[in-house]
Amino acid sequence: MRSSLAPGIRILRAVSRDSWYRGLIIVMTFLCYTCYHMSRKPISIVKSQLHQNCSAVSGGPHNASANSTWCDWAPFENANYNELFGALDDSFLVTYAVGMFISGIFGERLPLRYYLSCGMLLSGAFTALFGLGYYWNIHNIWFFIFAQILNGLAQTTGWPSVVSCMGNWFGKGKRGLIMGIWNSHTSVGNILGSLIAGAFVTKAWGLSFIVPGIIVAIMGVICFFFLIEYPEDVGCSLPQHNEETEKDEETPPLPPSSSTEEIYNGSLRSRVNSTNHASSDDLVLHEQPAAISFLGALRIPGVVEFSLCLLFAKLVSYTFLFWLPAYIVNVGHFNPREAGDLSTLFDVGGILGGISAGLVSDTFGCRATTCWVMLIVAAPMLFLYNQVGHDGISTTIGMLILCGALVNGPYALITTAVSADLGTHKSLQGNARALSTVTAIIDGTGSIGAALGPLLVGLIARTSWVNVFYMLIASDICACLLLSRLVFKELRGCCGNLTKKRGFTEF
């Protein structure tokens, strides 16, 4: 008597072929960008080892009392060590912001698999290069700045590539929820980077960079062998990027010009079955559409508004990323270890906020309105956190999670689902090769804010932390104002749809 099919196999067979491949893409891109963020985190962990309180360190030389900086790593032993650390941060962030605009242009013109794989190999090498300064006994600040600049350029290959790949595989229907969950890779990468760097920082801080660098490079090799750029490459169904039934306020195609005429030079990649040949093999024709130009991408409706909005939203987010532990120590009077643990709650809130923003925007079809509501609510919450956020441990935990959700929710939505929506906008007439350029423009503009935020805090915090929060609140309000036109358009469209459903005629 033959036994029935194993339950596990029945489950595997129940999942469609398309679902397996889409699951592979989610996992691959998630792991790729997790590695990118993991390699960015060690610098914040190692700073405390490069400049220490040597009086509290045991095992020093006999003349340790005469030399108060014996345990520091030159050139970070002097009083200007904070300025040197700031130079390291800004050299990465500014290079990343500038390089992002260029990266998207290359990403549209090169195969994503090659581009992403090479970028990960280079990023791994330059991350490890910083750590090799420990073993090569290098004490020149320009070596470390140069390593940060090279790493900043290499890291620009990541975000446009993974978002483009996700946009190629997933349509607009549930893109917000899927990408909201998928965007948790930033927090997962931060946590892994902290754990790996922390494991080596007191013994040999060079390994805090070398080990993550090796992991990134290995993931780049895996990406080369398994990443699939387009669903039609493996015979999967194409996602629906635009709703066919959407009639109100149709956006006309982009007019041909010197900067956008290449949009029309190609057509979608198509699969044509050979009906006149005895063989059953399919004849796959890859007619690659021409990539969109930088100015052509800027003309896509919504790109400019969301880019400028992200500048201010990312300014707030990265200010918390770089300065939240210091704020908790100075204002909340926690010790550094407790402050580091508490700061992770802001990332937890960011995960919840990204998922919630994606789910709500999918349900109501209003990306801009979702961002606007979260940003406008975040402003008073930031004020409350500064006023009462340290009255008790439970209050601190609750306010950190709430502020993390409201601050990082719009940031996550814009950099993922919104970027993918705009990169497959109906004005492109089916040409989805604008994804990388659009993503690079939006995230590159946001990265300018990411570089400005920590820099401004370093200047404003000398006066008062209250003034820092006023700056953050003002940035949130500016982000809301920049989305006002799109919010008005979405609300007018929603009202029009409700009127039609109730049987009334729009005038």
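Colleague: Why is Arg22 called buried?

Modeller: Buried means under 20% relative accessible area, exposed means over 50%, and partly exposed lies in between (1.4 Å probe, protein chains only). Arg22 has 15% relative accessibility, so Arg22 counts as buried. Please note that this is a predicted model, in which local features need pLDDT of at least 70 and side-chain atom pairs count only at pLDDT 80 or more, while totals for chains, interfaces and linings use all residues. Residues are numbered from 1 along each chain as its sequence is written, and side-chain values use heavy atoms, with hydrogens and water left out.

Colleague: What makes Arg22 and Asp18 a salt bridge?

Modeller: A salt bridge is a side-chain nitrogen of Lys or Arg within 4 Å of a carboxyl oxygen of Asp or Glu. The closest N and O atoms of Arg22 and Asp18 are 3.7 Å apart, so the pair meets the rule. Both residues lie in helix α2 (residues 17-40), 4 residues apart, which is about one turn of the helix. Helices here are DSSP runs (H or I, at least four residues), numbered from the N terminus. By the salt-bridge rule the count comes to 5.

Colleague: Which parts does the salt bridge of Arg485 and Glu305 tie together?

Modeller: The side chains of Arg485 and Glu305 meet at 2.6 Å, N to O. Arg485 lies in helix α18 (residues 484-501) and Glu305 in helix α12 (residues 303-332), so the pair ties together parts that are 180 residues apart in sequence. Arg485 counts as partly exposed, at 46% relative accessibility, whereas Glu305 is buried, at 17%.

Colleague: Which residues make the nonpolar surface patch?

Modeller: Among them are Tyr114, Leu121, Ile214 and Phe224, and the patch covers about 850 Å². Such a patch is made of residues with over 30% relative accessible area and no salt bridge, with nonpolar side chains (Val, Leu, Ile, Met, Phe, Trp, Tyr) joined within 5 Å. Phe224 has 34% relative accessibility, so Phe224 counts as partly exposed. Helix α10 gives the most to the patch, with 7 residues.

Colleague: How many residues has the largest nonpolar core?

Modeller: The largest nonpolar core has 59 residues, and those with the most contacts inside it are Leu382, Tyr385 and Leu472. The largest share of this core, 12 residues, comes from α12. A nonpolar core is a set of buried Ala, Val, Leu, Ile, Met, Phe, Trp, Tyr and Cys residues joined through side-chain atoms within 4.5 Å.

Notes
Helices (H or I, at least four residues) and strands (E, at least two) are DSSP runs, numbered from the N terminus. Patches are made of residues with over 30% relative accessible area and no salt bridge: like charges are joined within 9 Å, nonpolar side chains (Val, Leu, Ile, Met, Phe, Trp, Tyr) within 5 Å. Accessible areas come from the Shrake-Rupley method with a 1.4 Å probe; for residues, only the protein chains shown count as cover.
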